[in-house]
Amino acid sequence: MKKMDNTAAGSWTPDDNPTPPTVKNSCHPNLKRFLASLSFAYFAKALSGSYMKSTITQLERRFDIPSYLIGIIDGSFEVGNLLVIAFVSYFGAKLHRPKIIAIGCVLMSFGTFLIAMPHFLIGRYKIETSVRWSVNSTNNLSPCPASSPESTRAGDSSSLLNSRGCERESSVSMWIYVLLGNILRGIGETPVQPLGISYIDDYAQTENAALYIGCVQTISIIGPVFGYLLGSLCAKIYVDIGYVDLETLTITPGDARWVGAWWLGYLIAGTITLMSAVPFWFLPKSLPMPVDKHDSSCTPEQTRFIKDSPTMEHKFRPEEPANLHQMAKEFVPTLKSLFGNRVYVTFLCVTIIQFNSLIGMVTYKPKYIEQHYGQSASKANFLMGMINIPAVALGMFSGGVVMKKYKLGIMGAAKFAFGTSLLGFFLSLFFFAMGCENSKVAGVTVSYTGVEGLSYQEQSLFSECNSGCLCSRRDWDPVCGENGITYVSPCLAGCSSSTGSGKYTVFENCSCVALPDTQQVNLTASLGQCPRSDSCDKVFPYFLALSVLSSFIISLGGTPGFMLLVRCIRPELKCFALGIHSLATRTFAGIPAPIYFGAVIDTTCLKWGNKMCGGRGACRIYNTSAYRTLYLGLTLGLRTASFFLCYPGFALLKRHIKMEEKNALTNGSAELESLRKEENSSKHCEQFIPASDCIPDRETRL
């Protein structure tokens with residue numbers, strides 16, 4: 001009978017374990033293990049996600065798809081989250097959170113392996129080139145063919161492909177595997193953040209929760225560092241390494257047709273993600289509660305969602321298993337209660353708009369560096385991993401330290417996050433001044449005489465200097481003339497002969513290559529595009545420096561902003577609110593942003609490649625000025641729109657704080673009265689039973 005009375009009162013006994021014991025100042029060993037495990041899981045998922053973004057251009061070229069389709073593939077990760085996140089966040093809070101996270105990590109690893117599968121199912125990568133090799137000979141055929149117009153036009157339409165083998169070897173549909181693998185990754189990643197963060201916030205002391213979460217998120221930023229470095233390494237390795245003689249290749253890693261060993265990084269990332277699942281299987285469902293958070297009635301994951309509701313009684317006794325039927329019944333009322341918090345809804349809208357800007361910018365930033373500043377994919381990924389991402393990590397960690405040191409409340413965190421975002425916005429405006437001119441490509445950006453401002457059309461590729469050659473306008477096999485102008489192909493450069501082999505091939509007697517103020521006749525052209533101008537090379541370091549500074553300042557507000565989300569809602573709605581926040585940002589930012597950013601970027605393409613079986617493939621060269629204007633304009637325009645919502649947000653937050661203070665005073669008076677009554681009743685109780693069994697909750701409550 002005594003045991004039943006104690007249980008009803010919410011006390012803790014070793015036998016039934018209804019409520020975890022309290023801890024005062026130390027971090028529980030299992031909490032330390034959970035922090036380490038969650039950090040590793042964050043690292044693994046961040047590594048896979050950043051590696052996906054580092055392979056954007058590689059996947060475009062390998063599967064011959066435009067940027068908007070890559071955006072769909074990238075956004076499919078968020079679709080996977082969308083499918084299950086609300087249910088995982090809601091029901092997962094009542095179940096064994098560490099084991100659910102472990103299952104998610106296993107699914108993530110399988111999805112990552114699935115992304116790499118197409119490499120082993122499709123044939124070797126065939127480079128789009130107009131350079132033909134004669135059979136049983138080491139010498140090239142003439143770059144300037146003298147075939148009939150009929151055979152040339154046929155070559156344009158079929159690209160000299162065998163129609164029978166075309167469908168079998170086509171990689172058009174293989175990107176579906178990448179899409180499905182990314183969806184599976186998204187499903188697996190779902191429980192990591194909401195369940196992991198809520199677990200820490202439940203069992204860590206209030207004053208340390210922000211620092212712990214900041215540390216976890218900071219360590220997770222190391223994942224993108226290694227992800228982009230892995231992307232840089234794999235981009236240097238040719239896609240069919242081990243099966244192709246690299247000496248016969250006519251392209252280099254800086255070429256628009258180069259495809260690195262993208263599949264190799266996914267195998268490595270999948271293995272690391274699988275390893276991250278192991279520790280979670282050995283962690284407990286719950287931990288001892290800190291004194292400042294202890295609730296005498298039930299454990300955190302068993303707390304009812306709508307507190308003090310007259311229509312809902314507490315159904316989840318500590319000794320009973322979670323009642324899924326009851327939880328499902330309370331789902332809609334809980335959702336209404338959450339969206340009744342106007343501060344939360346306003347913060348959610350601001351976050352969605354800013355995430356659109358952030359996700360679109362980050363997804364295509366390596367591509368922007370490649371196309372705008374003429375860097376290789378390997379170097380762009382290396383710079384992202386070694387310079388940009390560490391600045392973000394330092395900023396997020398510093399934000400957590402500032403919040404702890406100055407003990408920022410809700411309003412302080414909101415002002416700090418807004419201020420850093422606004423300062424980063426003003427710094428980002430200088431990116432518009434750090435532009436480069438378009439590459440000089442004859443018939444595309446300049447005329448054959450070197451006049452700039454050409455409006456590109458396919459007919460502009462032809463000129464008198466190459467009229468003697470029956471060239472294809474579909475080929476993209478750029479050569480750099482001695483005059484510093486790039487030509488779409490050796491044929492369109494008017495070259496009649498060549499020497500050397502592989503990447504060392506040199507084309508001679510190029511009639512379209514003309515040096516100013518000279519009468520030289522035998523002018524040559526080498527494989528590849530001409531390098532960017534010196535002025536562009538001088539601007540690039542300033543771009544990197546400003547990028548690092550703005551990233552650091554913006555990320556300073558990351559941790560305070562996240563804690564604002566957690567603190568502006570009632571504790572019993574915390575886990576569910578985090579899940580809905582992730583659901584909304586993924587649905588309205590993570591999915592659409594890469595797609596419409598990619599579609600906008602596609603509009604700036606000047607010359608498209610061709611698929612193996614005909615049709616438009618990946619873009620080969622962009623209008624640099626238009627790319628910069630649209631990419632940066634869209635990024636900063638979205639952030640501008642988010643600032644307009646901040647003013648009503650601050651007004652609602654002030655009102656929310658005043659209401660909370662008023663409620664705290666009211667509840668404090670009621671609590672004091674309750675303690676007085678309890679003390680009086682205990683005196684009466686001690687006349688019949690021992691005092692130690694009479695008021696078991698007082699120490700915990702105080």
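Predicted model: local features only at pLDDT ≥ 70, side-chain atom pairs only at ≥ 80, totals over all residues.

**Cysteines and a helix pair**

Cys234 is buried, with a relative accessible area of 2%.

Across the whole structure, a search finds six disulfides. One of them joins Cys465 to Cys512, with an S to S distance of 1.9 Å. The torsion about this S-S bond is about 95°, so the disulfide of Cys465 and Cys512 is right-handed. Cys465 belongs to the loop between α17 and β3, Cys512 to the loop between β6 and β7, and the two are 47 residues apart. Cys465 is partly exposed, with a relative accessible area of 22%, whereas Cys512 is buried at 4%.

A further disulfide is formed by Cys480 and Cys530, whose sulfur atoms are 2.0 Å apart. This link is right-handed, with 105° about the S-S bond. Cys480 lies in strand β3 and Cys530 in the loop between β7 and α18, so the pair ties together parts 50 residues apart in sequence. Cys480 is buried at 15% relative accessible area, and Cys530 is buried at 11%.

Cys605 and Cys619 are also joined by a disulfide, S to S 2.0 Å. Cys605 is in strand β8 and Cys619 in strand β9, 14 residues apart. Both cysteines, Cys605 and Cys619, are buried.

Turning to the helices, α20 (residues 574-590) and α21 (residues 592-602) pack at an angle of about 15°, their axes 5 Å apart. Helix α20 is therefore roughly parallel to α21. Residues making the contact include Phe588 of α20 and Pro592 of α21. The contact residues comprise five nonpolar, two polar and one charged.

How values were computed:
Residues numbered from 1 in each chain as written. Heavy atoms only, no water. Axes fitted to C-alpha atoms, helices over the stretch in contact; angles between N-to-C directions. Helix = DSSP H or I, 4+ residues; strand = E, 2+ residues; numbered from the N terminus. Parallel < 35°, antiparallel > 145°, perpendicular 65-115°, else oblique. Contact = heavy atoms within 4.5 Å. Nonpolar A, V, L, I, M, F, W, Y, C, P; charged D, E, K, R; others polar. Disulfide = S-S within 2.5 Å. Buried < 20%, exposed > 50% of the residue type's maximum accessible area, 1.4 Å probe, protein only.
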